[in-house]
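Please look over the sequence and structure shown here. A short report follows.

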Amino acid sequence: MTRKLVSPGEAAANSNHISVETDEEFVRIGEMAKKYGVTLRTLRFYEDKGLLNPKRDGSTRLYTRRDKARLKLILLGRKVGFSLRDVKQMMDLYDPTGSNTKQLRLALDKSEKQLARLQKQRALIDEAISDLSNSMAIVRQMLAERAAPQASAAG
């Protein structure tokens, strides 16, 4: 269920726990987990690590547009192999009013290093695939040779 709070005054009248901007859209933890294909435990873990900071309405976690953007960045970072520490370090440098040059430089530096690691892993995987394919071809050949004499002996 998505909650759309129309005005700060209306929100204050309904709940003293949340101060909101006009038209702020909140998403509950279950919706957030479902939308991004993560578990509730994962979202709570990211919150514990300071990566996400949902609003609270009692014990209910309410995620903002900012939390959604941060979760997308976390998931992208994890997908390409960054540690959560690296992801947090890059995200924490974000300044909505600044040029974010330091953040962008750090992201580029970490990305270049990670790309080099991934390319090295790819080369090792390509080599392993080639070795395995060659071994399988040899085994197939051996099986074919052993099956051929049996076929001719039976004939």
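## Lys 68

Lys 68 counts as buried because its relative accessibility is 13%, and the cut-off for buried is under 20%. The model behind this value is predicted. Lys 68 belongs to helix 4.

Leaving aside residues up to four places away in sequence, Lys 68 is in contact with Glu 25, Val 27, Met 32 and Tyr 36.

## Helix 4 against helix 5

Two packed helices are described by the angle between their axes and the distance between those axes. Helix 4, which carries Lys 68, spans residues 65–79, and helix 5 spans residues 84–92. The axes of helix 4 and helix 5 come within 9 Å and cross at roughly 140°. That angle makes helix 4 oblique to helix 5, because only angles over 145 degrees count as roughly antiparallel. The crossing of the two helices is right-handed.

On the side of helix 4, the contact is made by Arg 70, Leu 73, Ile 74, Gly 77 and Arg 78. Helix 5 contributes Leu 84, Val 87, Met 91 and Asp 92. By class, the residues of this contact divide into five nonpolar, one polar and three charged. Gly 77 is part of the contact, and glycine counts as polar in this division.

## Asn 100

Where does Asn 100 lie? Asn 100 is placed in the loop between helix 5 and helix 6, and helix 6 covers residues 101–154.

Most residues other than glycine have a negative phi. The phi of Asn 100, however, is near 60°, a positive value in a residue other than glycine. Is Asn 100 buried or exposed? Asn 100 is buried, since its relative accessible area is 14%, and the cut-off is under 20%.

## The chain as a whole

The secondary structure of the chain consists of six helices and four strands. In sequence order, these elements follow the pattern β-α-β-α-α-β-β-α-α-α.

The chain has 155 residues, and 26% of them count as buried. Lys 68 and Asn 100 both fall in the buried class. The accessible surface of the chain is about 11200 Å², and carbon and sulfur atoms account for 54% of that surface. Among contacts in the chain with a separation of 6 or more, 45% are between residues 24 or more positions apart.

How values were computed. Residues numbered from 1 in each chain as written. Predicted model: local features only at pLDDT ≥ 70, side-chain atom pairs only at ≥ 80, totals over all residues. Heavy atoms only, no water. Axes fitted to C-alpha atoms, helices over the stretch in contact; angles between N-to-C directions. Parallel < 35°, antiparallel > 145°, perpendicular 65-115°, else oblique. Left-handed = near helix turned anticlockwise from the far one by under 90°. Contact = heavy atoms within 4.5 Å. Buried < 20%, exposed > 50% of the residue type's maximum accessible area, 1.4 Å probe, protein only. Areas by Shrake-Rupley, 256 points an atom, 1.4 Å probe, with all protein chains shown as cover.
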